[in-house]
Protein chains: 2
Amino acid sequence: MTYCVGIKLNAGLVFLSDSRTNAGVDHISTFRKMIVYEQPGDRVMVLLSAGNLSISQSVREILQIEELREVRETREDGEDGQPITIWNAKSMFDAARVLGSAVRHVYDRDAEALKHAGLEFNVSFIFGGQVKGEGMRLFLVYAAGNFIEATTETPYFQVGESKYGKPVLDRVLTPDTPLDEAAKCALVSMDSTMKSNLSVGLPLDLVVYEANRLQTDKVVCIDADNPYYRMVHNSWGQKLREVFDSIEDPVWDDTYAEHPLKMPATRHSPLRKISTPEEKLI
Amino acid sequence: MTYCVGIKLNAGLVFLSDSRTNAGVDHISTFRKMIVYEQPGDRVMVLLSAGNLSISQSVREILQIEELREVRETREDGEDGQPITIWNAKSMFDAARVLGSAVRHVYDRDAEALKHAGLEFNVSFIFGGQVKGEGMRLFLVYAAGNFIEATTETPYFQVGESKYGKPVLDRVLTPDTPLDEAAKCALVSMDSTMKSNLSVGLPLDLVVYEANRLQTDKVVCIDADNPYYRMVHNSWGQKLREVFDSIEDPVWDDTYAEHPLKMPATRHSPLRKISTPEEKLI
């Protein structure tokens with residue numbers, strides 16, 4: 001599996017991905033799931049992918065020039081009659097449409113053969129960045145090539161093994177969260193995921209993009225030796241345990257406790273205890 | 001959906017379940033997912049269920065006497081020629097086999113019709129307790145009627161929406177965890193799940209069973225007014241945030257930081273930045 005998260009804040013964008021792929025537990029490999037497309041001063045785009053690796057690699061390849069000839073017919077043309085690519089798109093929205101077209105192109109080519117092999121056409125992308133002349137944007141692109149955009153209410157997207165690491169994102173992230181704090185939050189989210197799921201693994205790729213810079217130099221590959229990640233991993237685990245211990249245990253017998261677990265009456269019927277084979281359930 | 005957790009410790013057993021079921025977001029109902037079977041001094045068994053409600057309710061019904069006549073032929077008989085039920089089973093293992101048989105009985109009756117309606121035969125159970133004469137046991141029973149048993153290495157089982165609440169269980173639980181601490185841990189795990197998933201909801205049913213008592217009076221139904229649950233909910237959220245804030249943010253520019261995020265060299269190649277349409281990916 002995979003775990004990737006993309007976050008859109010007022011201050012910029014944060015992208016984090018793991019690098020483990022598995023086709024069964026005895027077929028574990030390392031593949032990087034993040035690519036940065038950058039023409040400094042003009043555009044920065046970051047692509048994170050999850051799902052079937054053959055599909056996501058094909059899509060990434062099509063986004064480059066090699067297959068452009070083949071794709072050209074299926075792509076909509078720009079105003080000047082030239083095909084729109086991620087390199088000449090006038091907006092991130094147009095670039096997301098190019099990505100969606102590439103996904104559909106691979107679908108047309110591969111989906112039926114995959115289906116014969118019993119495989120779903122399973123892929124999803126986080127795609128975000130900024131094109132000169134408009135604000136930053138962040139998209140989640142589905143296997144059908146359709147996509148949704150992050151808003152202030154939902155400032156982040158996840159793909160892959162997303163559930164383990166979601167609670168901390170929900171608790172911390174707002175559009176006003178500072179960039180470095182959001183990067184820390186993404187790393188904690190990743191750490192929780194790796195704690196509970198073997199199919200997500202180091203090294204991690206982290207990119208932090210500051211709004212309106214149109215280039216990024218905050219790019220780092222994080223492995224088990226990274227001092228900051230090790231500190232986060234150890235501190236979070238240890239302090240979480242301290243917080244857990246600092247919360248009082250439930251007290252059953254003392255109804256005069258400050259926070260009693262058992263109350264004299266609730267509006268819910270008590271739990272059914274069945275004590276004979278003949279007893280009716282309802 | 002559903003979230004249920006069952007924990008087996010040296011000191012006893014802990015069971016916690018939510019009560020929300022949904023068949024689409026506009027069809028949300030409250031159904032209790034826990035039943036306690038108890039003959040004080042002889043046996044205590046707790047059943048938690050997840051999956052298709054019509055299946056789990058049928059299984060629970062079959063475990064009672066009403067359908068026993070019908071089931072009798074498909075069940076293995078005991079030594080005395082009488083069918084084995086959860087009420088006369090000599091061990092929790094035999095009781096789990098009775099539960100597995102009941103699941104298979106419902107499968108034989110309903111699976112094909114469900115399949116025609118496009119529905120999988122989706123159900124799973126946590127089933128634990130103690131029968132006089134042996135130790136406590138905890139089982140996870142699958143839709144095929146087969147089951148696995150908790151061990152000291154894996155002291156808990158989850159069914160339903162299990163991923164959000166798994167990290168805290170992994171961090172806290174060992175066989176030596178005291179009962180009330182494990183109950184607190186289960187409640188924190190449930191709280192994280194409800195924070196991130198609307199399909200899991202109050203009220204909760206909590207049962208704590210002390211080893212070798214062969215009856216339980218630690219049974220409580222927890223709703224939003226419960227003082228202990230409210231304290232856990234508020235403290236956990238707030239203290240988690242404090243812990244998060246207490247961990248230093250990453251520092252990008254200072255390579256002399258105590259925990260630098262960026263290191264001069266790693267054994268991994270740097271992240272690919274693509275800056276022209278012609279650039280090769282590999």
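Predicted model: local features only at pLDDT ≥ 70, side-chain atom pairs only at ≥ 80, totals over all residues.
Two copies of a chain are related by a rotation about an axis and a shift along it. Here, chain A is superposed on chain B by a rotation of 180° with 0.0 Å of shift along the axis, at an RMSD of 0.0 Å. The relation is therefore that of a two-fold axis. Within chain A, Tyr164(A) has the C-alpha nearest the axis, at a distance of 2.3 Å. Both copies use the same surface, since 100% of the contact residues of chain A recur in chain B.

The interface brings 86 residues of chain A into contact with 86 residues of chain B. The size of an interface is often given as the accessible area lost when the parts come together. For chain A and chain B, this buried area is about 8500 Å², with 63% of it on carbon and sulfur atoms. Polar contacts across the interface, counted for residues both at pLDDT 80 or more, amount to 30 residue pairs. The elements of chain A that each give two or more residues to the side touching chain B include the strands β5 (34-39), β11 (204-210), β12 (218-222) and β13 (273-274). The helices α1 (53-63), α4 (166-172), α5 (179-196) and α6 (227-246) of chain A also belong to that list. Of these elements, α6(A) gives the most, with 14 residues. By class, the side of chain A that touches chain B comprises 39 nonpolar, 15 polar and 32 charged residues.

Charged pairing was examined next. Side chains of opposite charge can pair when their charged atoms come close. Over all chains, the count is 32 salt bridges, and between chain A and chain B it is ten. One salt bridge between the chains is formed by Arg241(A) and Glu181(B), whose closest N and O atoms are 2.7 Å apart. Within chain A, the side chains of Lys33(A) and Asp18(A) meet in a salt bridge with an N to O distance of 2.9 Å. This pair links distant parts of the chain, 15 residues apart: Lys33(A) lies in the loop between β4 (28-30) and β5 of chain A, and Asp18(A) in the loop between β2 (12-17) and β3 (20-22) of chain A.

Strand pairing also extends across the two chains. β5(A) pairs with strand β13 (residues 273-274) of chain B in the parallel sense, over two bridges, and Val36(A) has Lys273(B) as its bridge partner in β13(B). Val44(B) has Gln130(B) as its bridge partner in β7(B).

Local backbone geometry was considered last. Most residues other than glycine have a negative phi, and most peptide bonds are trans. In chain A, a cis peptide bond joins Leu202(A) and Pro203(A), with omega about -5°; Pro203(A) lies in the loop between α5 and β11 of chain A. In chain B, the peptide bond from Leu202(B) to Pro203(B) is cis, with omega near -5°. Leu214(A), in the loop between β11 and β12 of chain A, has a positive phi near 55°.

Terms used: Residues numbered from 1 in each chain as written. Chains lettered and ligands numbered in written order. Heavy atoms only, no water. Least-squares fit on C-alpha atoms with pLDDT ≥ 70 in both. Contact = heavy atoms within 4.5 Å. Buried area = accessible area lost by both parts, 1.4 Å probe. Salt bridge = Lys/Arg side-chain N within 4 Å of Asp/Glu carboxyl O. Polar contact = N/O pair within 3.5 Å; in protein donor to acceptor, adjacent residues only side chain to side chain. Helix = DSSP H or I, 4+ residues; strand = E, 2+ residues; numbered from the N terminus. Nonpolar A, V, L, I, M, F, W, Y, C, P; charged D, E, K, R; others polar. Pairing = 2+ DSSP bridges.
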